Amino acid sequence: MASHKLTVQPPKIMDRPYKPTIFCGPGPADMWPSVNEALNRQLICNMCDEFFNVIDDIRAGIQYLFQTKSKLVLAMSGSGHAGMEAVICNLVAPGETLLIAKRGMWDIRADIVARRYGIKTVLKEIPLTQTFSLDDLESTIKKVRPTALFITHGDSSNGTIQNIEGLGKICHKYGVLLLVDTVVSIAAEPFLMDEWEVDAVYSAAQKAVSGPAGIAPVAFSALAESKINNRKHEPPFYFDIKELALQWNCYGNTRKYHHTVSAPMLWALRCCLKEIANETLQKSWERHATVNKYFNKRLQELPVQFLVPKPEDRLSTVTTVALPKGYDYMEFIKYMREKHGILIFGGIGPTVGKTLRIGIMGVNSSFQTVDKVVDALANTLKVLKKSSL
Ligand SMILES: Cc1ncc(COP(=O)(O)O)c(C=O)c1O
């Protein structure tokens with residue numbers, strides 16, 4: 001051993017002081033206090049009874065979260081992107097067509113992901129501050145005849161919420177599967193998977209669910225399940241829902257090892273789902289709507305412009321506003337963080353340099369947070385005025 005000379009010396013890993021910050025960007029949001037405790041629970045082994053009890057609780061919680069009675073529900077190890085990849089690569093084969101309803105960053109991502117699997121993509125685009133009319137989507141579906149339609153429910157890049165109700169029926173009229181991103185909308189905006197005939201949905205833990213990033217709930221309809229079971233293509237092993245369903249006991253007590261699932265992530269997601277079940281979805285949707293209405297009202301005291309013109313298109317979790325001319329977005333965000341301890345973001349992808357993105361969701365969705373954020377915005381607008389004009 002002594003003869004093995006190290007060419008890389010041990011690094012100095014220093015703990016840095018970390019200023020408390022309220023997470024009011026488009027995600028991550030702050031976590032429920034109970035999640036901190038859940039993250040410290042005992043390790044559970046992937047083949048033990050405790051593990052299977054926890055995943056049973058999580059599957060029931062996800063069925064409630066998405067409002068589905070489907071058996072094929074589980075959580076992917078990974079952030080929201082893992083859900084996106086899993087949904088796309090399990091349901092659309094290389095050479096098949098995915099129609100993407102494009103109005104923001106996540107639709108661009110879905111396009112990149114799909115093309116990497118050799119899937120043909122067709123983009124139906126609208127301006128990024130608007131939402132799709134279902135009639136328009138129907139005409140495009142009729143023309144393109146894709147295998148599936150991908151659409152984002154809440155879009156954190158522009159702050160819009162897309163109506164999904166009725167879209168599943170339209171898709172099924174043409175034999176098309178409906179795939180929906182609910183990363184920043186679930187638990188905050190009404191979403192009824194079974195009633196709206198959604199075929200595949202994914203989300204993430206770190207937005208309105210108020211947990212840590214790194215675990216992504218997914219669910220598949222009976223139609224999607226039969227496509228998965230009869231498909232000829234092999235998706236990547238790590239994302240293979242057929243294999244994962246056996247690990248997650250979706251069809252009974254199969255208990256098949258697929259990969260080592262992170263125990264802290266399981267405990268954390270279980271805790272978030274318990275918080276949501278205790279509050280109930282209806283109350284959580286109501287809280288987000290009421291708090292957002294108050295936020296929108298208070299924002300009107302400030303010289304900022306809503307990016308999304310129609311109030312009914314505005315997402316309750318992430319609000320987008322443009323600063324008056326002359327302000328520097330990066331300087332503004334830095335001041336909010338350093339002077340007020342509030343983290344907000346600027347634009348992303350197509351909204352870079354056009355907007356602030358302010359997230360008031362999950363545990364942060366309260367009148368107190370709104371007041372703190374609006375007061376800090378007002379102060380920052382005043383302080384930075386001289387330097388920017
Ligand atoms: C609507 C939406 N979809 C997908 C993603 C990607 O999720 P993640 O960063 O957890 O991979 C995000 C992240 O902000 C998002 O807001």
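First, the ground rules. The model is predicted, local features need pLDDT of at least 70, side-chain atom pairs count only at pLDDT 80 or more, and totals for chains, interfaces and linings use all residues. Residues are numbered from 1 along each chain as its sequence is written.

I start with the ligand. Around the ligand are 14 residues, where near means a C-beta atom, placed from the backbone, within 6 Å. Ser-79, Gly-80, His-81, Ser-156 and Val-183 come nearest. The shell has 6 nonpolar, 6 polar and 2 charged residues. Here Ala, Val, Leu, Ile, Met, Phe, Trp, Tyr, Cys and Pro count as nonpolar, Asp, Glu, Lys and Arg as charged, and the others, Gly among them, as polar.

Next, strand β8, residues 177-181. Strands are DSSP runs (E, at least two residues), numbered from the N terminus. In β8, 5 of 5 residues are buried, meaning 20 or more other C-beta atoms, placed from the backbone, within 10 Å of their own. Leu-177, Leu-179 and Asp-181 point one way, and Leu-178 and Val-180 the other.

Two strands pair if DSSP finds at least two bridges between them. β8 pairs in the parallel sense with β5 (148-152) over 5 bridges, and Leu-178 is the partner of Leu-149. With β9 (200-202), β8 is also parallel, over 3 bridges; there Leu-179 stands opposite Ala-200.

Last, an open antiparallel sheet of 4 strands, in the order β11-β12-β15-β14. β11 (305-306) and β14 (345-346) each have a single partner strand, so one side of each is left without a neighbour in the sheet. β11 meets β12 (318-322) over 2 bridges, with Phe-306 partnered by Val-321.

Definitions and conventions
Buried ≥ 20, exposed ≤ 12 C-beta atoms within 10 Å, placed from the backbone.
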